[in-house]
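Q: Could you take me through this one? I'd like to start with the pocket and then move on to the helices.

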Amino acid sequence: MAISAILEARDPYTAGHQSRVADLSRTIADEMGFPRDKAEGVRIAASIHDVGKIYVPSEILSKPGKLLEVEFSLLKHHCQIGHDILKDVDFPWPVANIILQHHERLDGSGYPSGLKGDEILIEAKIICVADVVEAMSNHRPYRPALGLDKALGEISANSARLYDKNVVDACLAVFNKGFSFKS
């Protein structure tokens, strides 16, 4: 929680982002039938998934408008930096590797390693979907909130191509059952 609070203090536009992603990730893991301990590992990793942004200049994090390619390239390093920060912390779950992989996509189009399919940890696949849904649903410095319907449409349209189908199905199910983001 302390790590999350530090990041949110640096980046007011995403205040609450990590906790909302953590709540949704944990709910998806529960919906998928994860054992309680494994679901908790997903929640912990999601609650600090953007820890690597501590090294991204705040001017980039809060820049209104589209990022330049060089700025986006720097931002993309947050996964590797987060992994490097946490790789020696003795968690009972693979938190550093989950954080490293949370922007990977099934088709290999993600970053930082271009992993595909089963090369990506299921926990990272869950956080990936939760991160997309939360980010699209809420305001960012470079665009207004797109809304939950558009976010759920994105993951549905790209299910089994970019996002794990079982994760997408579980995410849609939890929203159909009344899940909502806390403010």
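Q: By class, what does the lining of the largest pocket have?
A: This is a predicted model, in which local features need pLDDT of at least 70 and side-chain atom pairs count only at pLDDT 80 or more, while totals for chains, interfaces and linings use all residues. Residues are numbered from 1 along each chain as its sequence is written, and side-chain values use heavy atoms, with hydrogens and water left out. The lining has 14 nonpolar, seven polar and 11 charged residues.

Q: And how much space lies in that pocket?
A: About 960 Å³ lies in the largest pocket, and of its 32 lining residues, Phe 72, Leu 75, His 103, Tyr 111 and Tyr 142 are the closest to its centre.

Q: Which helix gives the most to the lining?
A: H8 does, with four residues.

Q: Switching topic, what does Glu 134 form a salt bridge with?
A: Glu 134 pairs with Arg 20, their closest N and O atoms being 2.6 Å apart (a salt bridge is a side-chain nitrogen of Lys or Arg within 4 Å of a carboxyl oxygen of Asp or Glu). The pair links distant parts of the chain, with Glu 134 in helix H8 and Arg 20 in helix H2, 114 residues apart.

Q: At what angle do H2 and H10 pack?
A: Helix H2 (residues 17–31) and helix H10 (residues 165–176) pack at about 105 degrees, with their axes 9 Å apart, and they are therefore roughly perpendicular to each other (65 to 115 degrees counts as roughly perpendicular).

Technical notes:
Axes are lines fitted to C-alpha atoms, for helices over the stretch in contact, and angles run from 0 to 180 degrees between N-to-C directions. Helices (H or I, at least four residues) and strands (E, at least two) are DSSP runs, numbered from the N terminus. Angles under 35 degrees count as roughly parallel, over 145 as roughly antiparallel, 65 to 115 as roughly perpendicular and the rest as oblique. On a 1 Å grid over the protein atoms alone, a cavity is a set of points where a 1.4 Å probe fits but cannot get out, and a pocket is an open set with protein on both sides within 12 Å along at least five of seven lines; lining residues have an atom within 4 Å of a point. Grid points are joined across faces, edges and corners, and a volume is the space filled by probe spheres set on the points. Ala, Val, Leu, Ile, Met, Phe, Trp, Tyr, Cys and Pro count as nonpolar, Asp, Glu, Lys and Arg as charged, and the others, Gly among them, as polar.
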